[in-house]
Amino acid sequence: MMTMRALPGLAPSGLERVSCQSSSSSAFARSQYGVPCSQGSRVRALSTLKTTLTPSKMSFNPFQSGDSLGLSSAIKAAPVVRRASVNRISAQAADASASDAYPEGTEKVGDVEVSKPAMGRVKIGIYFATWWALNVVFNIYNKKVLNVFPFPWLTSTLSLLAGSTIMLLSWALRIVPAPDVDMDFWKGLAPVALAHTIGHVAATVSMSKVAVSFTHIIKSAEPAFSVVIQRLFLGEHFPLPVYLSLLPIVGGCGLAAATELNFNMTGFVGAMISNVAFVFRNIFSKKGMSTGKSVGGMNYYACLSMMSLVLLTPFAIAVEGPKAWMAGWDAANLSVGPQVFWWVMAQSVFYHLYNQVSYMSLNEISPLTFSIGNTMKRVTVIVSSIIIFHTKVLPINGVGAAIAILGTFLYSQVLNSQPVLG
C-alpha cells in the first residue's frame with residue numbers, strides 16, 4: 001500500500017489512500033493509457049479528488065484563466081500532456097480589477113498597450129496644436145507683409161501658388177499619392193473654389209486695413225451668417241435655442257466694432273464678405289462631395305487651391321497690376337530690406353500648411369469638435385496678434401470680443417445638440 005503526499009495548498013486530510021492492486025480501475029488504466037501499476041493508481045487517485053479540490057483550498061492567481069487552475073468538474077488523464085493556454089492581461093489604471101486579454105481596439109507602442117480612444121485623443125491634440133500654431137504664424141507674417149507691401153490681391157495669389165506648387169511636387173515625387181479625379185469632381189469643385197477665392201481675398205483685404213484681432217473678431221460672426229443663409233436660400237429651420245445663441249455673437253461683434261480704435265470700413269466689409277463667402281463654400285462643399293470621385297482631405301484642399309489660383313490670377317492682375325506691384329516691392333525693400341521676401345515666402349507657405357492641416361483634421365474629428373477647435377483658434381490668433389503687434393484694445397472692446405467668441409462656442413454646442421428642422 002502506498003500513500004500520496006499532500007499537494008501544495010491542500011490539507012493532508014483532503015487526500016485518500018489509494019491501493020495499487022490489480023483492480024478493474026488499474027487494469028483499465030494500464031490497457032487504456034499504457035501506464036504501469038503505480039501510474040494507474042495515481043490516475044485513480046486524481047479522479048477521486050474532484051470532490052476534494054475546491055477553489056477555497058487553492059491559492060488563486062487572478063492572472064490565470066479557470067482552465068489553467070484545474071477547476072474543471074473532473075480532471076482527465078490524457079496520453080499527451082497539454083499546456084493550458086495563458087491569456088495575456090492588459091490592465092488599465094482606471095480599472096485595475098478588470099482583466100481583458102488585449103481587447104480589440106488596443107495598439108502596442110513598444111511594450112505598452114494603448115487603447116485606440118487614447119491614441120485618438122493624442123492625435124486630435126496634435127492636430128489642434130499644429131493647426132493653431134501654423135495659423136498664428138501665418139497671420140503674423142501676413143500682417144507684416146501687408147504693413148509694408150499693401151497688395152492683398154497679389155498676396156492672396158502667392159499663397160495659393162505656394163500651396164499648389166508644394167502639392168504638385170509632392171505628387172511628382174510620390175510623397176503623397178496623386179488623387180484619382182474625373183470631370184464630375186472638377187465640376188462639383190468649381191463653385192467651392194469660387195467661394196473659397198472670394199473669402200480668401202476678402203479676408204486678406206480686411207487684414208490690410210485693420211488689426212488682425214479685429215478681422216478675426218468680425219469673422220467669429222460666421223455662424224450667424226450660416227444660419228441666415230441656410231434659412232433664406234435652403235429653407236432650413238432651426239430650433240429656438242440656435243437662434244438665441246446668435247444674440248451674443250451679433251451683440252459682441254457689434255460692440256467690438258463700435259469700440260474699435262482703428263476702425264476702417266473697408267476692413268470691416270472685407271471681413272463680412274469673407275464670412276458670407278465661406279458659408280457658401282461650406283454649403284457647396286456638402287453638395288460637391290456627392291458628385292465625382294471621393295478625394296481625401298489633403299488632396300481635396302490641394303485641388304481646391306489649384307482651381308482657386310486659376311480663378312484669382314487674372315483678377316489680381318486686373319485689380320492691382322504688375323506696375324503697382326513693382327513700385328510697391330521697391331518701396332518695401334527700402335523700408336525693411338530683403339527680409340520682406342522671406343516674409344512673403346513664410347506667409348504663403350504657412351497659409352497652405354494651416355489650411356491643409358485643418359482639412360486633414362476633418363477626416364479625424366466630428367463637426368462639433370472642429371467647431372470648438374476653430375473657435376479656440378480665433379482666441380489664439382487674437383491674443384497672440386495683440387501681444388506681438390502691441391495692438392491697443394479698450395476694455396469694452398475686449399468685452400465685446402469675449403462675448404462674440406463665447407457666443408460662437410455656445411452656437412456650436414447648441415447646434416449639435418438640436419436637430420435641424422425641415
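**Notebook: helices and annotated spans**

I began with the record: UniProt, in an unreviewed entry, places the feature "transmembrane region" at residues 124-141, 153-173, 240-257, 263-280, 300-319, 339-357 and 378-411. I kept in mind that such annotations may be inferred rather than shown by experiment.

I noted that this is a predicted model, where local features need pLDDT of at least 70 and side-chain atom pairs count only at pLDDT 80 or more, while totals for chains, interfaces and linings use all residues. Residues are numbered from 1 along each chain as its sequence is written, and side-chain values use heavy atoms, with hydrogens and water left out.

I looked at two of the spans. Residues 153-173 are 95% helix and 0% strand, with end C-alpha atoms 31 Å apart. Residues 378-411 are 85% helix and 0% strand, and here the end C-alpha atoms lie 15 Å apart. Helices are DSSP runs (H or I, at least four residues), and strands are too (E, at least two).

Next I checked a helix pair. Helix 7 (residues 212-219) packs with helix 9 (residues 240-258) at about 155 degrees, their axes 9 Å apart. I call helix 7 roughly antiparallel to helix 9, a term for angles over 145 degrees. Phe214, Ile217 and Ile218 in helix 7 meet Cys253, Ala256 and Ala257 in helix 9, where contact means heavy atoms within 4.5 Å.

Last, I found Ile388 in helix 14 (residues 367-389). Ile388 is partly exposed because its relative accessibility is 42% (buried is under 20%, exposed over 50%, partly exposed in between, with a 1.4 Å probe and protein chains only). Ile388 and Ile140 are 248 residues apart in sequence, yet 8.0 Å apart in space, C-alpha to C-alpha.

Conventions
Axes fitted to C-alpha atoms, helices over the stretch in contact; angles between N-to-C directions. Parallel < 35°, antiparallel > 145°, perpendicular 65-115°, else oblique.
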